Amino acid sequence: MRTFGPNVNGFHDVSDQMIDNLRRRAEAHFRRQESEKGGLTSIAAFEEHRKRVRDHFMTAIGDLPEERTPLNVQCTGSVDRGAFTIEKLIYESLPEFYVTAALYLPKGIVFPQPAVVFVHGHSDLGKSYPVYQAVCVDLAANGFVVLAVDPPGQGERFQYFDPEKGERIIGGCTTEHTYAGLQFTLGGASIGRHFIWDVMRGIDYLETRPEVDPTRIGLTGNSGGGTQSCLLMMSEPRFAASVPCTFVMTLESYMKTGQAQDSEQIVPGCFVNGPDHDDYITAMAPKPVLVGAAAYDYFPIEGAIEAVDRAKRIYALYDAEDKVDITIAPTRHQYSSYLREACVNWYKRHFRGESPDFTTGEPETLPDEALWATPNGQVLDLYPNSKTVFDLNRERLEESRLPPAVINRDTGHDGGNTDQMRETIGEVLGIPEGRSQKIYPRIVAENIVDGYETEEIFFFSEPNIVVTGVFIHPLDGTAVEQTDLVLFENGTNDIPDKREWLESRLASGRQLFVFDPRGIGGVQARPFNRGGNPHGGEYKLGSDAIMLGISTLGLRVFDILRGYDYLRTREDVNQVGLYGIGKSAFYAYFAGALEDGFASLEFDNLLYSYRNLTDTRYYDQERYDLEVMAWGILRHFDLVDLAPCFGNRPVRWIAPRNAKGEILTDEAFNWKFLAVAKERGYSGEATRT
């Protein structure tokens, strides 16, 4: 049995279509926002815009904790560095959630002095990374108090750590951030909320120190620390100035690079509602902001320049053009000596009114362990039972758990009826509208392979999106009872490996339409980024979709519905069944919930519960990633809540799995899923094999 050749057997170039589709959607919003910002010609208009963007940002990250619980600050040691000392600190930003930090204190402070918070880029060493130490040393040597805070997953705060073996379990830091962050995504939040809150609580501590002037607290960091700087500029009004480095660009310039970013760097809906990166800068207007950029960065320098130019137009409304600027270092991506010097001089000028005449050298830094606030360099070694971001996310989900919508078994309807649930599915997944568009199928090849008549077909599921499928007829003389829309994990590319399964199904009287939704099989997207697991091309496309307020999951579900629509146009098709396996079982599950026309449903190796995924510290990320998720699903439903949408159709669950990838026993599946589904109002014929 045959699969498709490159570019649909040479009939249509599909290698860029999924990338281009998301980009077209985003560009429409970029142009709209560009026009709207052009109309911000008064302070009042801008203030209204700023509030709207900030409100959306807070919703997108899941808001921030409400209670400022006791910090319980511990100073576990100090280091004398001559002109300054370094205090090694541990505090609790939330109860039993420990933050490690280093406080650089210049000697001889008589009156409260300005302070700078240093947030760290993606180094596993966190505050001990020599490049970052050098920034803190230069600032402290110039009389600034500096608080350097380890973010989750870095420094002494690995969130997945085995104290007995002294080993990291998930990592490095970028992998850890995204591994944990995907669980936040399901709950409608961002792991970034804890990066933000940890630093905000650090400011609470700085305000208690007599050495610190609370009206002059600044901020800096590069790369992932540039991200944190931006998130904090949007969130924390107490910052009086900022120097975000090697991150600021424009969302449009970022999108064109094809690069992936960690979970905390993805703000849901930002392509549609902001913030774009100029919004991070103007969130502080008219306070001083210097953008540090690198000329040879993989973050586009053109985007950085454009973002600052946009910000200058807003600062002009306040007659404060001199308080926003960009400095460009002739380097690659790093917090270089050029940026270090510019940062110190920015704060000398704006916090002290001094001449920006500092020239940096080669600051002496300390070995990693010299800055440890814990005995062995890890919080989870000192406090094995302390909370991690996983625990905090699970607690948040428990607090926000919604009561289930129960379908009346007699009428099929109540306040949570199936029509309403289907509407919610469409909104949460971001499923496009427009199934009424006429389908013009192209049969690009007809062959007989070992007696099986096959057709290779493509059509447009929506403008500029080609989907493909191989229609396989049973052997002559076999009575056809049903046509199955078949979704393999790798689409039609899996046909050779699935031959035995296909032939068995064909012999039972089924016609088969092995189908490829966008980005899969015959319409697979080309490789376009350098990220490996978990930050490959699918993750990047999924992140872009989230920033559009939709999901690649929803787009593929739409394609499958269009596959059903196509089958209904064929005279040789009577009733249509649906089968999906692995990741494609998710697509089948949602399509089956939305379309009553599927006569039977089969879900093979499907996760039984998203909530089980967020409750499982070590889940199987090979199986469960952004391809099968949408932001905020668990704010509205879990998979079992959709079972009533299947009505009384026969449904077959094959080898259902938990978040670890383990197959559930019959007893466990009946208890954890089928019994709950019946409580919700599912009335169909269910089998589990």
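In the predicted model, nine strands form an open sheet of mixed pairing, in the order β12-β13-β14-β16-β15-β17-β18-β19-β20, where strands (E, at least two residues) and helices (H or I, at least four) are DSSP runs numbered from the N terminus and two strands pair if DSSP finds at least two bridges between them. Because β12 (442-449) and β20 stand at the edges with a single partner strand each, one side of each is left without a neighbour in the sheet. On average, neighbouring strands are turned by 20° against each other, direction ignored. Residues are numbered from 1 along each chain as its sequence is written. As the model is predicted, local features need pLDDT of at least 70, side-chain atom pairs count only at pLDDT 80 or more, and totals for chains, interfaces and linings use all residues, while side-chain values use heavy atoms, with hydrogens and water left out.

Strand β13 (residues 452-462) pairs with strand β14 (residues 465-472) in the antiparallel sense over eight bridges, and F458 has T468 of β14 as its bridge partner. Helix α19 (residues 583-594) packs on the sheet with contacts to β15, β17, β18 and β19, contact meaning heavy atoms within 4.5 Å, and its direction makes about 145° with that of β17; axes are lines fitted to C-alpha atoms, for helices over the stretch in contact, and angles run from 0 to 180 degrees between N-to-C directions.

Strands β18 (residues 598-604) and β19 (residues 651-654) run parallel and are joined by four bridges, with D604 partnered by I654 in β19. Three bridges pair β19 with strand β20 (residues 686-688), likewise in the parallel sense, and V651 stands opposite A686 in β20.
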